[in-house]
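Subject: Handing over a structure

Dear colleague,

I am passing on to you the structure we spoke about, together with some notes on what was found in it. Please open it beside this message and look it over before reading further.

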Amino acid sequence: MTASPHAVVIGAGTLGMCSAFSLAEHGVRVTVLDARSIASGSSGRSVGVVGTQLTNPFDILLRIHSVRQLRDWESLGLGFNHIGYLRLARTAKQMELFAQSVKIQEDAGFRSRLYQARELQQLIPHINPDGLQGGLFGPDDGFLDPHEMCTFLAEKVRALGGNIFQFCELVDVKRRYGGYKLDTSKGRIDCDFVVNAAGAWAPAVAETFGQTLHICPQRHEAVTIHLDESLDYTMPMVMDLVNGEGTGLNFRHEKRNELIAEIHKVGSPLPEDPDNYNDQCEENSKVKLAELLLDRVPELPGARLGRGWAGLYPVTADHRPFVGAIKPSEPTLITAAGAGGYGIQLAPVIGTIVTDWVLHGAPVSVPGTEMLSPTAARNVPVNAHACLQSVAATEDYLGSPNL
Ligand SMILES: Cc1cc2nc3c(=O)[nH]c(=O)nc-3n(C[C@H](O)[C@H](O)[C@H](O)COP(=O)(O)OP(=O)(O)OC[C@H]3O[C@@H](n4cnc5c(N)ncnc54)[C@H](O)[C@@H]3O)c2cc1C
């Protein structure tokens, strides 16, 4: 290896671009390849929500690290809409977990508070609180445009001397002593490290290296909702879902007269072929979504469904991302993939962990992140139904497979 290692990042989605920027900032020579264009995979199909309203302390810690990074990028010009994030609770037990979350976030200097059911209309005048105990609200959370985030980072990477090759697909690999010769659709590239950030295609990229990676691409649908009149308040991101208790949804303001909603069907997502899946929202999903929305926020002025689409969550068996080497014997091939429904909000912290692996051979910046390595215990086939059931049984993982 030379004094300044050369890392090739495969995939220009949020995980790839955050990894590339973090590496470049730390003096690593970086080349990013994407088989298509920047943010053309799951990242460009996401609803872009970033927040810290989770209940597991480690999951909160990861997001706190990401949000701090995003605040820095915001000060450099990245757009971020601070509309707030409200996670609804239907049981007293969920409210207890939310109270613990408030404490953890407060200790880290993040604002968050509990709302009782009777107080929810202070936040959302249209909300129907029937069946709710209350909610957890983070006023500083919000959403960004993942495509803008990727292009913002691409500019920064280029400014630091990195290269980004679009429509450049990795097709074959030859190992050389201490590194690789990568054959791409645009020619050969020599490098010391490879970061596999190919999202739903990461298993295929791993296979090119003779390795096995278990990531299940699961299809998720989103729809826009047009309103006849603007609301006189901002609709925060609302997560109205309890795992294992049937279909749920999340929704948020997008523009003055427009909301975006995403539907979550418990037990439904089966593996998809990322090169050949239905990328449109199905009519029956739209009908179900309209029912759920009207139930939770009745009397939205003239609400009607607009454009819908579908994209893929790249999901691992335990619903946490893979960051690290598949085989300790090959520490130069680093996986950064499998962030499921959280790949926008987790991307900045994942970029930091990737850089740790390249520069230090271990994650040193964020405590506990060695557990994100795709070890043999974690890198196991994803059984969608069993997986969702086990997550549903763990209240601490509230909402984890989703946002
Ligand atoms: C409807 C929907 C809503 C979502 N909402 C949210 C949300 O609100 N918040 C959140 O945090 N997350 C959300 N997500 C999840 C999030 O979008 C994903 O977790 C994230 O985009 C994954 O990013 P990635 O970089 O791993 O993969 P991708 O964005 O898919 O990038 C992988 C890239 O690799 C490239 N590639 C593949 N094979 C090769 C190859 N052989 N050579 C070169 N390049 C290759 C692809 O072209 C692609 O551009 C949502 C997802 C969906 C579908």
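Predicted model: local features only at pLDDT ≥ 70, side-chain atom pairs only at ≥ 80, totals over all residues.

The whole chain

The domain assignment divides the protein chain into domain 1, made of 6-44, 146-214 and 317-397, and domain 2, made of 80-142 and 216-314. The centres of domain 1 and domain 2, taken over C-alpha atoms, are separated by 28 Å. The protein chain holds 9 helices and 19 strands. Its radius of gyration is 21 Å, close to the 22 Å that the globule rule gives for 403 residues, so the chain is as compact as a globular protein of that length. Taken along the principal axes, the box filled by the C-alpha atoms is roughly 65 × 45 × 40 Å. Buried residues account for 49% of the 403 residues, and, of the contacts with a separation of 6 or more, 73% are between residues 24 or more positions apart.

The surroundings of the ligand

There are 44 residues around the ligand, and of these Gly13, Gly41, Gly199, Gly311 and Gly343 come nearest. The elements that give two or more residues to this shell are helix H1 (14-25), strand S13 (216-226) and strand S17 (304-315), with S17 supplying the largest share, 4 residues. Sorted by class, the shell has 22 nonpolar, 17 polar and 5 charged residues. Domain 1 and domain 2 each contribute at least three residues to the shell around the ligand.

Helix H1

The helix H1 deserves a separate look. Its 12 residues should span 16 Å at 1.5 Å a residue, and its end C-alpha atoms are 16 Å apart, which agrees. H1 is mostly covered, with 11 of its 12 residues buried; among them are Thr14, Leu15, Met17, Cys18, Phe21 and Leu23. The cover over the buried residues of H1 includes S1, strand S2 (29-33), helix H5 (146-159), S12, S19 and H8. After H1 comes Gly27, which has a positive phi, near 85°.

Helix H8

Gly361 follows H8, and its phi is positive, near 70°.

Val366

Val366 is placed in the loop between helix H8 and helix H9 (384-392). Is Val366 buried or exposed? Val366 counts as buried, because it has 20 C-beta neighbours inside 10 Å, and 20 or more is what the term requires. His65 and Val366 are 301 residues apart in sequence, while their C-alpha atoms are 7.9 Å apart in space.

Two residues with a positive phi

Most residues other than glycine have a negative phi. Two residues should be read against that background. Ala39 has a positive phi of about 60° although it is not a glycine, and this residue lies in the loop between S2 and strand S3 (49-50). Ala39 is buried, with 24 other C-beta atoms within 10 Å. Phe167 is likewise not a glycine and has a positive phi, of about 50°; its place is in the loop between strand S8 (163-165) and strand S9 (170-176). Phe167 counts as exposed, because it has 12 C-beta neighbours inside 10 Å, and a residue with 12 or fewer is classed that way.

With best wishes

Conventions. Residues numbered from 1 in each chain as written. Domains from an automatic or database assignment. Rg over C-alpha atoms; globule rule 2.2 N^0.38 Å. Contact = placed C-beta atoms within 7 Å. Near = placed C-beta within 6 Å. Nonpolar A, V, L, I, M, F, W, Y, C, P; charged D, E, K, R; others polar. Expected span 1.5 Å × (residues − 1).
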